[in-house]
Amino acid sequence: MGRRRSKRSFKQLSSLSKSSLGDQINQCYEQGLYQQALTKLKRAQKLNQLSDIELSEADILLAWGINEAEQGNYRKAEETLQQAMEMGVCGEQGEAYYWLAKCLVEQDQPQAALDLVQTAFDTKQLPKQQGGCYLKLLVLNDHIDTLETLIETKKQRFYAVHIHWARGLLSLTQKSYEAALAHFDKVNRPMTPGDRPSAWRAYAKQQAGHWTDAEQTLGLNRPLMGLSPFSTFTPNYDKHPAIVRLTLIQLANTFSHDFSEHIPLEGLTPIEKQSALVLETLRMIDSDEVYDAAQMFLNISKETANTFPLLQELHDPLMTLAGDAAMRMDEPEYAEVFWSRLLPPTLQDPQIAIHLRQAMFASGADQAAIGVVKKLVQWVETQTTWTKPQQQSILAHLHCWTCDHLINLKKLGQAEQTLKPAIKLAADSPSVIGRQGLLAAKRKHYQQAIPLLTQALKGGSSFVNIYEELINCLEETGDTDTIKQVRRQYGKAFGDLDTEPDIPRWQEIFTYRLFFMLQDATGNLERHDFPSRAIKIFVDAATDTPNKDQRVTFDQTKAANQWETLLTPLNPAEQMPVLQAICLVMALYAKRKKGLAALQNRYHTQLVQLINSQPEAQVANLVYLTVKEKKADRLTTPINHYLQSTAKPYQAIAQLQLNVRWFTTTSVLLPWLDQALSKEPQNPLLLLAKATTFSYESPEYQELFDQGFDLARRLQDAEALNACRDEEWLQSQSMTRSAMSSMSRSGRPPSMQDMVNLIAKMAQAQFGEEVPPELMEQIIMEMMAAEMGETMPPGGPFGGASGEGFPLPIFGGFEDSDAFEQEFFGPPPKSKKSKRSRRSR
């Protein structure tokens, strides 16, 4: 009984052994361990245990060959596939023909691949599923005539998808792109493994010039879920070579998207990768992303630069603009990188050296900056057309610059030695006197420093460090009254926030008036500045250029979707200014197109609905209605209701008009203002409010403004005086921007003639008539004298007969302040921001 049990166990183990070996072969096969599968199969053959094994050696070899081909091991794959085919296995759908043909093509043997498949086709051994492979090989070997004959005479040997593809390709060769597209639209499955039917459609659309449709076919219009630059999400590229190349062509022609979002560089050939980098650089330049473009430009290899020699022509203008952008982005260290590349060993043009030194001063690269100043000194000393006083004046300023850098390096002894020749050259210069004050302040000799710093400011110095050091000294001595006086007298010129209107950024943006200035003003915004972002959404949705009234057509659907996304997470208090900004930007800058009224009503309704929970929304609503409406009778009900609900209706209507003034000039509220003035004719706030219903150039404006200001000053009406200061600021901004509007935005630093024209327009706006040439020259002399800190010699700042021009215009904005950037690069007005200085403590 025991022996029978043992015999039964032996049979079970034998059966289990046979079954396990078959399972092991299948498992190796499924895991892609083909060599092990073959080894175990041969073992099974030796043990005569093949009864439970379904896979043959040819099956394994076929799968192994396909796997090697997919891995790019084409030589090994070719050998393995040939062995499988010699054993009579080609796959259920004849896939061995496709993969062996692919191996031959990848090894530069397209004719051998065609011979293989064509022989099988002629002997009727080629499965119908591989008809696409055969047709592609005919095209690859330029047998277009054979292709055309086949699909007409032997169409039964092919599937419909093969026929449509072939006819689409024939249409392409005949440049019948619409016909090709019609055929490719019917290709609803891959012709060969890994084929992308969409690639053929996209190619036909590109050839037909349907770039927008091609973009959709390539999937470029899919949103990337609002990725931030710091997101760890990786875009879902389609890395198929055909899609990548078509995408590269698409973006090269349209510049519609960031290349990095859609082009996986690791999948490109070296020349394609180089092309993608160059094209992305050009796209950034085209999109005014000069800062990023310059960063990418610096990362382009020498090999790429040699491949695209014309790219080097962009170097100087790109680095110039990128340095300016870096300074505006408060990244002077990058401006230094960009501008340093423009500085030649021997200085020819001092302008770039002046800009570079400014960047170095701001970034703290003081030691390097001293070397740049030395180059400037050498350049000035070589100028033979200047008089000695001219040369001495400029050299004194350069010594002051060196002194500044030594102060920052805390080398006060060397700074004092450097300043001594400046004192000899121009002892009365405000710049020199100011540096003496700075040195005294650094040594904490405040009583000695205060009069020197004050004298420098009175003399016209525009160096922000002198102003800030004076404030610091007064704070150290506790002289608060003098601090207030200094701020009132000089603070505005140095961007002291206490002297500027206290308004939110989004409201200030509306004061720019010109649409292109709105574009620049919304370029860099704080993340939580939701109203300004609402304005940017409108600006970005613009689809044409502004007309003479600064109105544009905009993509209403795009803007509305983004506005809703912006508004949704906000609470009512945060929504209120955003809704006001949306309503105002459409009222002031949108062309009257179909759908605009409905869109305006949509957001106006939301603003009105906030009045119960957010009382300030009532004033916001009235401001919008006043800006939007042209006739006073349309506002009778809401204005009267508002005034009846306030304790001081006359002050309320005045403040409402002054609120409207930030956005536009309108006389819609004039009836209510006149009614109020009939009751209180000596109300300074009402007089000022009525003045703002007229343009700055009108005599009514100046008369009413002067009356209101004089009354406010006599009565010491703080509310009215603040309103007058705000109005003066608005007036100065309006004059500057009006003059700047005609200046070129080409990216180059404005020429001296540009600046003269700018000053002339501002002067004309101030005096109300064309300025005589002799007065114009006097104004320019005085402005430059204030910049230089001393009286100009006869005939101009550097001598010569009157009207001969200026041999050194670049030193016109000499002092180290943000005005330096505005003088030479002409950026649009930015948000109020105190001017930055670096003080060594």
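**Salt bridges, helix packing and cysteines in a predicted model**

The side chains of Asp674 and Lys690 form a salt bridge, with an N to O distance of 2.9 Å. Asp674 belongs to helix H37 (residues 670–679) and Lys690 to helix H38 (residues 684–691), so the pair ties together parts that are 16 residues apart in sequence. Asp674 is partly exposed, at 32% relative accessibility. The model is predicted, and it holds 19 salt bridges.

Two further pairs lie within single helices. In the salt bridge between Glu106 and Lys102, the closest N and O atoms are 3.5 Å apart. Both residues are in helix H5 (residues 95–106), and because they are four residues apart, about one helical turn separates them. Glu106 is partly exposed at 40% relative accessibility, and Lys102 is likewise partly exposed at 24%. Asp540 pairs with Lys536 in a salt bridge whose closest N and O atoms are 3.3 Å apart. This pair is in helix H30 (residues 530–540), where a spacing of four residues again amounts to about one helical turn. Asp540 counts as partly exposed at 41% relative accessibility, and Lys536 as partly exposed with a relative accessible area of 27%. An α-helix has 3.6 residues a turn, so residues three or four places apart point the same way. Side chains of opposite charge can pair when their charged atoms come close. Elsewhere, a network of salt bridges links Arg75, Glu78 and Glu79.

The protein chain contains 43 helices and zero strands. Of its 841 residues, 48% are buried. Among contacts between residues at least 6 apart in sequence, 60% join residues at least 24 apart. The accessible surface of the chain is about 42,000 Å², and carbon and sulfur atoms account for 49% of this area.

Helix H33 (residues 596–609) was examined for its pattern of burial. The helix has 14 residues and spans 20 Å from its first C-alpha to its last, close to the 20 Å expected at 1.5 Å a residue. Its buried residues are Leu596, Leu599, Gln600, Tyr603, His604 and Leu607. These residues lie on the same side of H33, because they cover an arc of only 125 degrees around the axis. Ala598 and Gln609, on the other side of H33, are exposed. The cover over the buried residues of H33 includes helix H31 (556–567), helix H32 (572–589) and helix H34 (616–628).

Tyr650 is partly exposed, with a relative accessible area of 28%. Apart from neighbours within four places in sequence, Tyr650 is in contact with Ala676, Lys679, Glu680 and Leu686. The C-alpha atoms of Tyr650 and Ala676 are 5.6 Å apart, although the two residues are 26 residues apart along the chain.

The structure holds zero disulfides. A disulfide is a covalent bond between the sulfur atoms of two cysteines. For Cys400, the closest cysteine sulfur is that of Cys403, at 6.7 Å, which is too far for a bond; the cut-off applied is 2.5 Å between sulfur atoms. Cys400 is buried, with a relative accessible area of 1%. Cys90 is also buried, with a relative accessible area of 19%, the limit for burial being under 20%.

How values were computed
Residues numbered from 1 in each chain as written. Predicted model: local features only at pLDDT ≥ 70, side-chain atom pairs only at ≥ 80, totals over all residues. Heavy atoms only, no water. Buried < 20%, exposed > 50% of the residue type's maximum accessible area, 1.4 Å probe, protein only. Helix = DSSP H or I, 4+ residues; strand = E, 2+ residues; numbered from the N terminus. Expected span 1.5 Å × (residues − 1). Arc of directions from axis to C-beta. Contact = heavy atoms within 4.5 Å. Areas by Shrake-Rupley, 256 points an atom, 1.4 Å probe, with all protein chains shown as cover. Salt bridge = Lys/Arg side-chain N within 4 Å of Asp/Glu carboxyl O.
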